[in-house]
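Colleague: I would like to learn how to read helix packing and a few other features in a model. Please take them one at a time.

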Amino acid sequence: MSISVIFTKFSSFTVTVGKRCYSKIGFVGLGNMGGHMARNLLKKGYQLIVCDVNKSAVTNLVEAGAGCASNVAEMSKEAEVVISMLPSNQHVLDVYTGENGILSAARENVLLIDSSTVDPSVSQSVASQAREHNLRFIDSPVSGGVNAAKDATLTFMVGGTKTDFSDAKSILENLGSRIVYCGDVGMGQAAKLCNNMLLAISMIGTAEAFNLGQKLGLDAKILADIVNSSSGKCWSSELYNPVPGILSNVPSSKNYEGGFGTTLMAKDLGLAQSAATRTQAPIPLGSLAHQIYKTVIAHGFSNKDFSVVYQFLKGEN
């Protein structure tokens with residue numbers, strides 16, 4: 001049961017029976033994903049303070065009802081929860097642990113939620129330093145892409161204590177349709193990297209199979225029907241087919257625009273490679289997928305969806 005009374009455009013009071021509740025949220029990282037996530041929090045009546053190096057992104061959120069801060073330290077001073085959605089390991093380290101970072105200014109016991117996709121060791125390092133400041137940190141990378149961020153149907157893979165997960169869940173449920181507890185800090189990142197490595201491998205395999213089928217003279221739609229009712233079926237073949245014209249609502253039928261970019265896939269595969277090297281886990285197919293996507297980017301497909309590997313294998317630019 002929840003009772004919400006919105007007093008002004010910028011503030012709200014929320015009472016939730018049986019759960020810890022929050023109303024003041026700081027949000028840093030307003031890119032393709034973060035911008036939609038922040039906007040959805042505003043729609044739910046949260047008081048939001050945003051921060052980003054992209055001033056136009058900040059302006060868009062301010063016009064929608066958010067407050068803004070000139071730096072993350074200022075943003076963190078009054079926030080009860082801080083959410084971040086950042087591009088890389090170094091960005092996360094700088095924003096949290098750098099000079100005038102979040103850890104330097106956040107109040108005691110504030111909940112820190114990082115939805116960036118980074119190396120699990122980065123999440124674990126930030127969490128350790130957060131504890132020294134009497135702060136709580138969880139990693140919660142997402143799956144679903146830009147459309148899911150816009151529609152608030154993301155899947156969150158969360159690593160942290162069960163108490164922190166429970167507190168974060170009431171917020172993340174405003175942004176996603178599935179909130180999955182994966183274990184201790186870093187396990188959300190581990191789940192995300194393993195999933196995306198498998199996705200890359202399956203997409204390359206799907207692209208190879210359909211390219212071979214067409215080279216042999218087999219109609220791609222007939223092959224899709226066979227594969228998707230047989231043992232070769234996978235997400236890449238059934239719901240995200242890389243061959244133009246098989247599915248109308250996927251990037252391959254829209255000149256590979258939108259979706260999940262090859263650059264982001266290569267980044268995630270690089271993170272998986274680093275984690276595998278550190279833990280001495282053999283990933284021969286994951287390593288090969290990483291090299292293939294780096295080559296795809298070098299051939300001019302950096303701004304295309306990762307399913308464009310099909311066109312790369314066909315030898316078409």
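Colleague: In which hand of crossing does helix 9 pass helix 10?

Modeller: The crossing of helix 9 over helix 10 is right-handed; that term applies if the near helix is turned clockwise from the far one by less than a right angle, and left-handed applies if anticlockwise. Helices (H or I, at least four residues) and strands (E, at least two) are DSSP runs, numbered from the N terminus. This is a predicted model, in which local features need pLDDT of at least 70 and side-chain atom pairs pLDDT 80 or more, while totals for chains, interfaces and linings use all residues. Residues are numbered from 1 along each chain as its sequence is written, and side-chain values use heavy atoms, without hydrogens and water.

Colleague: What describes two packed helices?

Modeller: The angle between their axes and the distance between the axes. Axes are lines fitted to C-alpha atoms over the stretch in contact, and angles run from 0 to 180 degrees between N-to-C directions. Helix 9 (residues 187–215) and helix 10 (residues 220–227) pack at about 130°, with axes 10 Å apart. That makes helix 9 oblique to helix 10; under 35 degrees is roughly parallel, over 145 roughly antiparallel, 65 to 115 roughly perpendicular, and the rest oblique.

Colleague: Which residues make the contact of helix 9 with helix 10?

Modeller: Contact means heavy atoms within 4.5 Å. Helix 9 supplies Ala209, Phe210, Gly213 and Gln214, and helix 10 supplies Ala220, Leu223 and Ala224.

Colleague: At what angle do helix 4 and helix 6 pack?

Modeller: Helix 4 and helix 6 (residues 120–132) pack at about 5°, with axes 10 Å apart, which makes helix 4 roughly parallel to helix 6. Asn89, Val92, Leu93, Tyr96 and Thr97 of helix 4 meet Val122, Val126 and Gln129 of helix 6.

Colleague: How many aromatic pairs are in the whole structure?

Modeller: Rings of Phe, Tyr and Trp (its six-membered ring) pair if their centres lie within 6.5 Å; planes under 30 degrees apart are stacked, over 60 edge-to-face, the rest tilted. The search finds 6 pairs. In one of them, tyrosine 96 and phenylalanine 137 have ring centres 5.5 Å apart and planes at 85°, so the pair is edge-to-face. Tyrosine 96 lies in helix 4 (residues 89–97) and phenylalanine 137 in strand 8 (residues 136–139), 41 residues apart.

Colleague: What is the mean pLDDT of the protein?

Modeller: pLDDT is the predictor's confidence in each residue, from 0 to 100. The mean is 92, and 93% of residues reach 70 or more. Over residues 1–18, pLDDT is below 50.
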